[in-house]
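Here is a friendly set of notes to read alongside the structure. Please keep the viewer open as you go through the points.

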Amino acid sequence: MTALMERLERHRWVWSALGVLLLWAVLSITTGRFSLHSLSGVAISASFLTLVALGQMLVVTTGRGNIDLSIASVLTLSAFASIVVAAGSDARLPLALAAVLGIGLVTGLANALLVVVLRIPAIIATLATGYILATATLIANRWAAGFSMSPFLKTLAAGRVEGVPLMLVIAVIAVALAGLLLGRTVYGRRLSAVGQNERAAALAGIRTGRVIASAFLASALLAALTGMLLGAYVGGAFLEMGQPYLLQSLGAVVLGGSLIFGGSSTALGTLCGSFLLILIVTTMQIAGLPAGTQDIVQGLVVIAVLALAGGRAVRRRRAAPKPEAVAP
Amino acid sequence: MMTAVFPAAQDAPAASAGVSAPLRRSPPAAGTDPGAPHPPVVRLSGICKAFGPTRANDGIDLVVAPGEVLGLVGGNGAGKSTLMRVLCGVTRADEGSLQIRGVDIAPDLYDTTLAQAGGIRIVHQELSLCDNLSVAENFFLEAPEAARALPGWRRIFRARARAALDEVFPDHGISVDARVAHLQIGQRQMVEIARAVATPQVRLVILDEPTSSLGLERSRQLRAFIKARTREGLAFIFISHKLQEVVDIAHRVLVLRNGRSVWSGPAVEASVEALVQAMGGPTEGVMASRRAARPAIGEGARERVRLSGALIAPLGRDVVLRAGEVVGLAGLEGSGQRDLLHGLYGRPGPGISRAGKASFVSGDRQKEGVFPLWSVLSNIALGRLESRAPLGRVDDGQERDAARAAAEKLKLDPARFDSPILDLSGGNQQKALVARALVGEADTILFDDPTRGVDVAAKEDFYALIGSVARAGRLVIWHSTEDIEFLECDRVLVFSGGRIVRELVGDEITEAAIVDASFAGTGATERDATAGARGPLDRLVDLAPFASLAAVFALMAWVNPLTVSMFGLELLLGPAIALVLVALAQMFVVGGSEIDLGVGAFAGLINVLSATLLFDTPWLGGVALLASVLAYGLIGATIQLRRIPAIVVTLGASFIWLGLGYTLQPTPGGASPEWLSAAFAWTLADVPATLILIAVAAVIALAIDRSPLGVVLRGFGNNAQAMTLGGWSPLRYAIMRYMLASLFALAAGLSLTAINTASDINAGGPFTLISVAAVVMGGCALIGGMISPLGVVAGALTLALVGALLGALGVSTDYNAAVQGCLLLSMLALRALADRREARR
């Protein structure tokens with residue numbers, strides 16, 4: 001029994017995976033029309049969320065309550081930029097890609113500079129850069145005349161291979177890479193060490209500033225790329241299109257079982273968390289709940305999961321003394 | 001006899017209600033002398049306490065009689081701290097019984113509140129003052145019963161602080177209004193000691209290493225004071241590494257070793273040598289002989305470290321440290337040993353040069369050593385990753401082999417590699433950290449007090465290892481707080497006042513020689529007269545928010561002269577009242593070193609509530625407003641109870657507020673209740689209501705901040721741990737903090753309704769960032785504990801004016817968000833740079 005509990009403790013993604021299966025089963029049974037086909041719609045939405053959430057997860061892993069609040073604006077601005085620059089032709093796609101990557105790079109570096117060099121709390125720094133980008137979005141909104149997409153991007157975002165959405169394939173590959181990065185590489189170890197105890201990490205020879213900066217950079221880049229793909233998928237860019245991803249990216253990370261205090265994250269969990277969150281939203285839409293209620297439920301879910309998981313993290317750190325562990 | 005048994009009933013009326021319930025009269029025990037006039041102040045019997053595998057206390061008895069000084073000695077990790085934590089109600093004993101002034105106390109009911117009611121006070125090694133508060137305010141936190149929420153309530157504590165400091169440390173030179181942060185470390189220790197002994201009804205004061213930061217004269221004053229107060233019946237427990245001090249001051253001595261009491265008797269029967277023997281610490285002879293047994297360092301061993309410049313000025317020559325040596329860094333605590341260690345590890349500063357790689361092993365395992373989520377193996381293996389490429393693969397098998405080799409040298413059982421690191425005893429955790437340094441193959445290993453809190457056996461293993469590690473070709477640099485450990489070293493550098501004043505080699509190294517040299521240059525540390533003086537520069541920084549408000553206002557007046565009229569003021573500043581109120585709400589949350597990301601949305605929700613429910617069905621609206629304040633309290637409780645980050649919870653809550661607002665009112669509309677509009681539409685001597693209300697809000701916030709409640713809230717923002725140990729409930733004050741914030745946000749929402757005469761759930765959203773900006777501009781520290789209501793009001797008004805100024809200059813409102821974001825960031829960046837300059841000073 002304790003072995004099982006320990007395994008669950010180590011593989012925290014299981015809970016969100018169970019949640020996905022349960023909710024899906026309930027939906028399939030109660031609403032006859034919820035089938036594998038409608039699941040693929042959920043899969044596409046969840047894939048977009050997963051990409052953003054992976055970046056958020058890296059930032060959360062760096063600990064001290066670090067969170068990236070600028071991703072919503074990065075995502076929206078990138079969507080606008082890719083549409084304005086690409087102007088509906090594949091030939092200009094590399095330029096658009098450069099613009100989008102540029103947005104991610106500049107924002108990520110700015111966040112990293114503010115957090116690492118100036119020691120400004122991450123929430124404030126990213127909140128402020130987000131506001132500055134929001135103004136850029138307002139200006140871009142005036143330029144964005146048409147809604148023509150680059151065909152290649154459109155295929156990438158909305159296409160299917162053997163019925164499987166391409167976006168899902170992209171998301172799964174990204175999750176696998178992030179999982180390898182966290183679990184099997186030197187970088188993953190360093191990231192976890194910094195998240196658990198930054199001072200000890202610095203004294204163990206880790207360049208903590210670089211590690212933290214890389215997480216913010218990755219988060220901004222992922223949000224920027226997702227913005228480009230999302231713009232292609234929905235066929236345009238609009239103000240506030242990134243807004244839902246602010247809370248949902250955090251919700252997916254937390255639901256997936258990553259510790260909000262940092263130091264321990266799971267990419268697979270973030271995938272499951274994204275699916276679970278999107279399923280919850282879909283369920284509410286099917287049930288015909290108004291948008292306001294959907295917001296309330298999402299807020300409650302995040303707080304509730306945190307309230308449950310927060311205690312677990314505390315217990316873990318205290319490492320309750322076990323009688324059988326007494327040394328001979 | 002009755003009065004002696006239940007003294008608490010008369011002496012501590014405020015606390016008596018809480019005390020009497022768990023206390024019960026003990027039957028006349030066989031052990032107590034029925035003829036004795038006073039029962040012991042405390043009697044602990046058979047105290048046992050285990051942390052995981054470590055038996056920190058194992059059947060310890062302790063008795064302190066009134067007017068007695070009990071000396072408590074023992075090496076690091078002997079269990080002194082745990083015993084004192086049990087005595088103070090911080091830690092609950094696994095077994096054993098407890099008697100206070102002859103009254104049995106049920107162990108599972110005993111807590112810090114009961115210990116304080118019983119007249120027990122402790123002066124910690126880790127200082128427990130809130131350094132953002134004044135000396136007098138810290139006295140208030142210790143004994144708040146006399147406080148009244150009236151202006152001038154500080155007077156009584158100011159007088160008490162002054163009297164106590166004068167009594168213990170004559171000519172202390174400490175201003176009771178000085179902020180503790182502005183005091184030197186020795187002065188803080190003096191304040192802490194004075195605070196403990198000045199508490200009304202105090203019967204037992206525990207002094208844990210009280211003289212570690214005090215100069216010779218202050219130590220003498222303290223001993224004189226202890227002697228004087230014991231004559232009046234006050235009891236002391238005196239814990240010190242300085243055994244001679246213990247022998248001099250104590251009536252009786254209790255020696256602990258590995259969690260057991262090994263010797264107890266009158267101090268006249270104790271000598272320093274006998275105490276050392278009983279503590280089981282290493283004796284000079286054993287350690288020195290181990291050094292002598294090491295092979296000599298080879299000729300021409302490679303130079304690893306060279307020290308030059310101001311650091312070694314008293315020696316007059318460069319110090320060169322070579323591979324193979326064990327070098328000790330000695331001196332009074334805080335004399336520069338740690339600075340050198342960190343200088344050697346990080347970027348070498350002027351006068352310090354190092355060749356080859358270095359690794360660092362700290363004795364402060366929780367803060368500077370362990371990674372609590374990892375296994376023992378991962379904790380060790382981290383040492384191998386230092387020079388590897390980020391995308392390199394980590395291999396469990398290779399790690400295990402490397403770690404095994406290091407662990408065997410340290411007698412750390414490889415079978416425990418897969419246990420979580422925190423399941424190990426302190427000694428074994430420390431071994432894992434040393435193993436981490438060994439697998440790293442560094443040329444120099446820096447040890448910062450590595451045997452702190454480590455049991456005797458683990459210490460022996462460590463000592464045995466040091467020599468072989470060094471002679472295998474590494475340079476070992478070792479800072480310790482136990483002078484005897486330096487006898488292991490080949491060479492000792494003695495620090496005083498930040499410089500190396502003496503170099504001892506080989507047989508010159510004795511405890512006496514180290515102590516002599518440590519005190520050689522201590523004239524400087526005795527200087528403590530410049531307490532808490534605030535320079536004109538500090539005052540200038542305080543004025544910055546008001547100066548920037550004036551500057552922006554002047555600019556505005558220049559662009560549009562109408563600004564200066566009463567009409568212009570109302571037009572410009574009137575709408576700012578909502579921002580001012582939201583900023584004040586945010587300020588109280590920031591004071592607790594948290595940030596509320598939902599405060600703007602909450603004000604928006606109140607806006608909607610008051611323009612719909614409150615307008616249509618006033619009683620229902622009133623209930624809803626009340627419920628929303630309670631909901632905010634619930635948020636505070638959730639954050640505190642579950643220890644989760646406030647930002648995420650308040651971010652989640654912001655969606656709840658928005659959702660509720662949308663549900664109530666999907667599109668903007670509604671109407672303001674008449675009385676509410678009227679409340680914001682009067683004038684007094686031609687001054688419009690909104691301007692007066694802004695001033696009123698500022699005064700209320702200031703009054704709250706200056707009240708006892710405000711002081712407690714700031715205390716929690718600065719040092720929550722010390723507040724909790726002092727018996728203040730973190731939960732109660734977290735709830736109060738958030739409810740206080742919600743009241744200001746509620747007022748903000750109402751003002752939005754009154755001024756706009758309609759509601760829009762999105763009206764509040766932008767306030768969240770601006771409120772943080774206003775709080776920062778107002779001079780509050782985001783790390784908590786430092787708030788300034790008037791500054792925040794000035795900051796909020798400045799930001800409101802900036803918006804208007806942009807409008808007057810013809811800049812599109814699209815740029816508002818960017819300008820606000822840039823302003824906030826530049827304020828924070830400037831603050832960061834200023835702090836860094838101050839830190840360098």
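1. A definition to start with: two strands are said to pair if DSSP finds at least two bridges between them. By that rule, S2(B) and strand S5 (residues 95-100) of chain B are paired, with five bridges in the antiparallel sense. One place to look is B:Val42, which stands opposite B:Ile100 in S5(B). Please bear in mind throughout that this is a predicted model.

2. Strand S2 (residues 42-51) of chain B also pairs with strand S3 (residues 54-64) of chain B, again in the antiparallel sense, over eight bridges.

3. Next, a sheet of six strands in chain B. In what order do the six strands of this open sheet run? The order is S7-S8-S9-S4-S10-S11, and the pairing is mixed. Strand S7 (120-123) and strand S11 (260-266) of chain B are the edge strands, each pairing on one side only. From one strand to the next, the twist averages 15°. S7(B) runs parallel to strand S8 (residues 204-208) of chain B, and four bridges join them. Within this pair, B:Val123 has B:Leu207 of S8(B) as its bridge partner. Helix H11 (residues 272-279) of chain B packs on the sheet, where it touches strand S4 (69-73), strand S10 (252-257) and S11 of chain B. The direction of this helix makes about 30° with that of S10(B).

4. Chain B has another open sheet, made of three strands in the order S13-S12-S15 with antiparallel pairing. Strand S13 (319-322) and strand S15 (352-354) of chain B stand at the edges and have a single partner strand each, so one side of each is left without a neighbour in the sheet. The twist here averages 15° from one strand to the next. Strand S12 (residues 303-307) of chain B and S13(B) are joined by four bridges in the antiparallel sense. Among the bridge partners are B:Leu307 and B:Val319, the latter in S13(B).

5. A residue worth a click is B:Ile606, placed in helix H24 (residues 599-611) of chain B. Is B:Ile606 buried or exposed? A residue counts as buried if 20 or more other C-beta atoms lie within 10 Å of its own; B:Ile606 has 29, so it is buried. Apart from neighbours within four places in sequence, its contacts are B:Leu625, B:Ser628, B:Ala745, B:Leu746, B:Gly749 and B:Leu750. B:Leu769 is 163 residues away from B:Ile606 in sequence, and their C-alpha atoms are 18 Å apart in space.

6. Turning to chain A, you will find 14 helices and two strands. Of its 328 residues, 56% count as buried. Among contacts in chain A with a separation of 6 or more, 78% join residues 24 or more positions apart.

7. H11(A) has 27 residues and reaches 39 Å from its first C-alpha to its last, close to the 39 Å expected at 1.5 Å a residue. Of those 27 residues, 23 are buried, so H11(A) is largely enclosed by the rest of the structure. Just after H11(A), A:Gly235 takes a positive phi of about 80°.

8. How do H9(A) and H11(A) meet? H9(A) brings A:Arg190, A:Leu191 and A:Val194 to the contact, while H11(A) brings A:Thr208, A:Val211, A:Ile212 and A:Ala215. By class, these are five nonpolar, one polar and one charged.

9. Finally, the contact between the chains takes 60 residues from chain A and 64 residues from chain B. On the side of chain A that touches chain B, helix H6 (122-143), helix H9 (186-196), helix H10 (198-203), helix H12 (243-255) and helix H14 (291-318) of chain A each supply at least two residues. H14(A) gives the most, with 17 residues. The residues on this side of chain A divide into 37 nonpolar, 15 polar and eight charged.

Note on methods
Residues are numbered from 1 along each chain as its sequence is written. Chains are lettered from A and ligands numbered from 1 in the order in which they are written. This is a predicted model: local features need pLDDT of at least 70, side-chain atom pairs count only at pLDDT 80 or more; totals for chains, interfaces and linings use all residues. Two residues are in contact if their C-beta atoms, placed from the backbone, lie within 7 Å. Ala, Val, Leu, Ile, Met, Phe, Trp, Tyr, Cys and Pro count as nonpolar, Asp, Glu, Lys and Arg as charged, and the others, Gly among them, as polar. The expected span of a helix is 1.5 Å times one less than its number of residues. A residue is buried if 20 or more other C-beta atoms lie within 10 Å of its own, exposed if 12 or fewer, and partly exposed in between; C-beta atoms are placed from the backbone. Axes are lines fitted to C-alpha atoms, for helices over the stretch in contact, and angles run from 0 to 180 degrees between N-to-C directions.
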